[in-house]
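The sequence and structure come next.

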Amino acid sequence: GLYLICAPFGRAVIDILARPVWIYVSVAIMIGTVAMAWHDASTGLHGYPAHAIPYIPALIAGPTLVVGLSRWIAGWSHRTALISQTLSLIGQRTMAIFVTHILVTAGTRIALVGVGVTNWTAIAVAATALGIALPLVAAGLADRLRVTAALGWR
């Protein structure tokens, strides 16, 4: 949603949407969306309600929050080299993460359920952590073996 709004106008729109007032508006929209989704889920869902008119503001608010969070982290991370280096590493290996994270997260879920873990929070945390960490390791290995380009990761 945000891309479609910003593409014709360029960075100026992103700079406007990253202002604190729009971040606060976006937080309010997302809180309202969560409350509405909670209510809708309790009444029984029919079809795919995410495309319903009341949910459309969240299509703009979510990416606006991501832009705001990114700006906040960028302004704050220069003080801590570890955070800056970690974010840089993740950014440089985004394609490897994008391509392989589904395999890793699904495999993690399957393995954890297979050994009897049923707590969805534990599964989600483990799958998310491994879904980033293992692709980063795979990307580093691919760099060392000089196969990154053949894999389409650069």
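A cavity is taken here as a set of points, on a 1 Å grid over the protein atoms alone, where a 1.4 Å probe fits but cannot get out, and its lining residues are those with an atom within 4 Å of a point. The model is a predicted one, in which local features need pLDDT of at least 70 and side-chain atom pairs count only at pLDDT 80 or more, while totals for chains, interfaces and linings use all residues. Residues are numbered from 1 along each chain as its sequence is written, and side-chain values use heavy atoms, with hydrogens and water left out.

**Cavity**

The count comes to 1 cavity of 30 Å³ or more, and the largest cavity has a volume of about 50 Å³, where a volume is the space filled by probe spheres set on grid points that are joined across faces, edges and corners. Its lining consists of Q92, R93, M95, A96, A139, D143, T148, W153 and R154. Two elements, α6 (94-114) and α7 (120-145), each give two or more residues to this lining; helices are DSSP runs (H or I, at least four residues) numbered from the N terminus. By class, the lining holds 4 nonpolar, 2 polar and 3 charged residues, with Ala, Val, Leu, Ile, Met, Phe, Trp, Tyr, Cys and Pro counted as nonpolar, Asp, Glu, Lys and Arg as charged, and the others, Gly among them, as polar.

**Salt bridge**

R93 and D143, both in the cavity lining, form a salt bridge whose closest N and O atoms are 2.9 Å apart, the criterion being a side-chain nitrogen of Lys or Arg within 4 Å of a carboxyl oxygen of Asp or Glu. Because R93 lies in the loop between α5 (81-92) and α6 and D143 in helix α7, the pair ties together parts that are 50 residues apart in sequence. By this criterion the count comes to 1 salt bridge.

**Accessibility**

Buried means under 20% relative accessible area, exposed over 50%, and partly exposed in between (1.4 Å probe, protein chains only).

| Residue | Relative accessible area | Class |
|---|---|---|
| R93 | 17% | buried |
| D143 | 27% | partly exposed |
| W22 | 39% | partly exposed |
| R146 | 76% | exposed |

R146, in the loop between α7 and α8 (148-151), has a positive phi near 60° although it is not glycine. Most residues other than glycine have a negative phi.

Key. On a 1 Å grid over the protein atoms alone, a cavity is a set of points where a 1.4 Å probe fits but cannot get out, and a pocket is an open set with protein on both sides within 12 Å along at least five of seven lines; lining residues have an atom within 4 Å of a point.
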